[in-house]
Amino acid sequence: MAHWVNGREGYIMELIRHEGRGNYTTREACHGHRECTFEPEYRCRDCFGTELYCKDCMVERHRDNPLHRIEHWNGHYFEDTTLKYLGLRIQLSHPVGEKCFNRSRAFDDDFVILDINHVHEVALDFCECSCAQSHATQILRARLYPATCSDPKSAATFRLLQHFQMLTFESKVSVFEYWQTLARLTDNTGIKPCKDRYESLLRMIKQWRNITLLKRFGRGHDPAGVDATEPGGCAVLCHACPHPGKNLPDDWRMAPPDKQWLYAQYFAIDANFRLVRKNVSSDSVDPGLSKGWSYFVEETGFKLFLKDTGKVSQEKSTCVSHNAVNLAETKNSRGLAATGAGTVDCSRHNFKRPCGVGDLQRGEKYVNMDYLLFSTLQHSDEVLTLNVSYDIACQWSKHLWARMSKYPSRLHFERDGKTITFLVPKFHLPAHITACQISFSHNLIKGMGRTDGEAPERGWANINPVATSTREMGPGARRDTLDDHFGYYNWKKVTNFGISLLSKIKTAIPECEQHQRDFEEFNRALTEERPSEVAQWKEVVESWECDLSSKNPFEITTVSMTLAAVRLKLSQQEAEDLENGLNNSLHMDISPSVLISSGMDLEEQHAHPTDLQMTRLQERSNALLRKIEQWCNIQLLYMPAVGRLRAAELANAPSIREEKAHEVKLWLPSKVKETTELCEGPLCAYEWELRRAQAHEALDELRRQLRLRTHLYKFKDAHIRGQRANTRATTVLNKVEQSMKTAVARYRRAWSAVKTLSMALGNPNWEVELPELQPADVRGMAEGEIGQSEGTRTLSWIWKTRGVAGVGEDGEAVLSEGLRIEWCKSRARANRWAEEVELLQEEMRRVADFLSWHAGWWEEQATRRAALAAPEEEGIRGYAKRQAALRRAMRDRFQEMWSIVPALLQSPSPAIEFATL
């Protein structure tokens, strides 16, 4: 760049030089042909070179290129002119240079052609011979697309329509922006604005999308014609997914039960609330040209279904993470015909599924998502194993089959002989309750490989930029536009299979080998120490993998310590002491344990009161003070030393103002132990037990609030738009943050008390159970410390604690359970990576087989239509042969890229097997 800067002046001068005639300044005669003696005054901006020609030579040289831009030297500078002005006429339906003796001019001799570089006004003649085709057909045969079917006055080049289509796929440019670009390329000064053809361009692009879609899927080769197109028949299928009769072995149904997962279909369901559509136009005005042929479901049937069943009330979620989903159902839909779109994707390869997209009318209702799933399942009715991932699968799947029984028969799905598993995407799972995390996890369930279920989220990143233009469209135009984008997105995935699958298997093989080694070492060590337990774990986990309704080996059965449980335990202990004739109570109604427990309750009320609590404390100050005084009087019976501490406190008080209720020091045993006064051991032991329970309860609440915060942030980023909605969301998040601070403060109070009491009671190693809570430890399960990347992040210790065993003070139950769960998880990690390696090899085979099948299918299309004119027959055959050759070339290219896989599998480990130990 520095070298260029030094020579920048020369670049500028070269650009300026082109504003003159350059090397032709002194040339007096045109070199268009030998006999030409006219002065060269014209230059073409689109031809290679800067040669100048006379008027006649310029016209003659451009009979083959009538859409080039011409400049005229007026003696001082170049000014724009046109080939039409110079006398060039375009004759249709005749060879270039030949005139029709029975020609007719376009309307008012003013025809407009849109090309990628200009809006051209041309002189165009139609052929009116006896064998002449219609004007629209003549235009099409010149590789121009007419703006209207009858008496067209403008057209666009095929090149422009192809250029726009590819540009909008990659940059998401709208038709309006593209038209503005063309208009500015034609005249960027406003002196001679071009004729407005924006509406014409809109219409041509809409039609072009449709006819190219039908052409690509062989509808022109079908003798039954376009109307015979089946729902989903124009969708780009995932070549790596199982398609019986296309890319599966003939005996795939006979595969052993432990290998059936290899032929599973993976689905992922999600909704996108950015793909809204304003309440403009209607289906009668803008019906759309694709009638459920691609990704959007057929609209008429969909709306009829919603009209009949959409009013059925939807049960609320019982999972902690779904408050946001329940809120989405009441999403503001004012001014919107669609509040978003729901989709069903291929979860393994991010493909949009045929007939798997539909509009949402008011939030993410079950009936909408049910319809989309059952519609796309009709295209996988022969597959025996189905894995369905949805971020609310734990709730949505509960009554799915009961809801299906009430739907029209065309949506019914035959479940007999099929295995259907419901899962929650990996990123969404931490926001769910513990029961969901172990029952719907891709990481734990057999046959999932390394599938994460987040395919729709990656797809939204590609399609969301289109939302700014599609929200203003009519219903039909929007569906056709999104269908076109989804189709291109799928096709890009097809062309990238060679790279993507190879990259995945290069990652999977070493990961598989590493996790296999880790599990084998862990299993060997545990088998030596606990052989009977390991054998039992293996039996339980294998049973669960075969039947997910059986006992879950990942479930935590030891119960975390709670205040209620400890209070009950202490009460039972005091009752047992009374039965044995031992009475430590000095008060008729208040036992020592009740004294400490009620004191902690009073401490909790005024430790960090909220505004509402402060108000209530002020309103009931006298009543609360009386309660505290009564408690303090009873406390003196058990803790006489507190009297001296209170006296000293009053003597040192700076003023004699009345003490507020929340300012009273309660002097529980842990606080007394911080002074030189003595406190009885049993009271310290009571508080020790209660404080440990308080700490565990605080941790449980902190983890719950962190999970809720993670989910709310994700929901806010994905669905909340506008100042009002963002303000409300921020208010909710602030409440969650406040709850987290309260839980943190509660844990730290308990931790501080336990620390003091541990020295008095001589209880070492307590910090293993209750570490100190630092600010950096308060983070979500998927969050690392500041500066940590995804590959280096560590899990905060708050997510690793498992509570305290209910039996035995040595915690053996917790240790055994912890080892069991870690053994099962280690085994699951090794198996999922082994499955991924095997599944990727199967997918490579399927991609190659699908391309071979598709090539053969296209070969068959070449001869399907008969009794056609020779040019049409040759076109039918040529297109089919070219598509077949293209598929074979793609297959050969992929197989060449994948030829290194056997060597990768052999090095460094000789084999990869499941962790069956």
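Helices (H or I, at least four residues) and strands (E, at least two) are DSSP runs, numbered from the N terminus. The model shown in these views is predicted, so that local features need pLDDT of at least 70 and side-chain atom pairs count only at pLDDT 80 or more, while totals for chains, interfaces and linings use all residues. Residues are numbered from 1 along each chain as its sequence is written, and side-chain values use heavy atoms, with hydrogens and water left out.

View 1. Most residues other than glycine have a negative phi, and most peptide bonds are trans. With a relative accessibility of 62%, Arg-143 counts as exposed, where exposed means over 50% relative accessible area, buried under 20%, and partly exposed in between (1.4 Å probe, protein chains only).

**View 2. An open sheet of four strands.** The strands follow the order E2-E1-E3-E4, and their pairing is antiparallel; two strands are taken to pair if DSSP finds at least two bridges between them. At the edges are strand E2 (52-53) and strand E4 (78-81), each of which pairs on one side only. Strand E1 (residues 42-44) is joined to E2 by two bridges, and Arg-43 has Leu-52 as its bridge partner in E2.

**View 3. Cysteines without a disulfide, Cys-47 and Cys-54.** A disulfide is a pair of cysteine sulfur atoms within 2.5 Å, and by this rule the count comes to zero. Cys-47 is in no disulfide, its nearest cysteine sulfur being that of Cys-44, 3.4 Å away, and with 31% relative accessibility Cys-47 counts as partly exposed. For Cys-54 the closest cysteine sulfur is in Cys-57, and because the separation is 3.4 Å, it is too far for a bond. Cys-54 is buried, with a relative accessible area of 3%.

**View 4. Arg-219 in the loop between H8 and strand E11 (264-272).** At 12% relative accessibility, Arg-219 counts as buried. Its side chain is joined to that of Asp-222 by a polar contact of 2.8 Å, and the side chain of Arg-219 also reaches the backbone oxygen of Gly-225 at 3.3 Å. A polar contact is a pair of N or O atoms within 3.5 Å; within protein, one must be able to donate a hydrogen and the other to accept it, and residues adjacent in sequence count only if both atoms are side-chain atoms. Leaving aside neighbours within four places in sequence, Arg-219 is in contact (heavy atoms within 4.5 Å) with Leu-214, Gly-225, Ala-228, Thr-229 and Cys-234.

**View 5. Helix H9 (residues 299-309) and its buried residues.** Glu-299, Gly-301, Phe-302, Phe-305, Leu-306 and Thr-309 are buried in this helix. Seen down the axis of H9, these buried residues fall within an arc of 165 degrees, so they line one face of the helix; the arc is that of the directions from the helix axis to the C-beta atoms. Thr-300, Leu-304, Lys-307 and Asp-308 are exposed on the other side of H9. The buried residues pack against strand E15 (352-360), helix H11 (366-377) and H17, and at the start of H9 a side-chain oxygen of Glu-298 comes to within 3.0 Å of the backbone nitrogen of Thr-300.

**View 6. The hairpin of E14 and E15.** Five bridges join E14 to E15, and the two strands run antiparallel, with Lys-352 of E15 as the bridge partner of Asp-345. Five residues lie between the strands of this hairpin, in which Asn-350 takes a positive phi near 65 degrees. Nine of the nine residues of E15 are buried, so this strand is largely enclosed by the rest of the structure.

**View 7. The largest nonpolar core.** A nonpolar core is a set of buried Ala, Val, Leu, Ile, Met, Phe, Trp, Tyr and Cys residues joined through side-chain atoms within 4.5 Å. Among the 44 residues of this core, Phe-497, Val-847, Phe-894 and Trp-898 touch the most other members. Apart from it lies another core, of 43 residues, including Leu-683, Cys-684, Tyr-747 and Trp-751.
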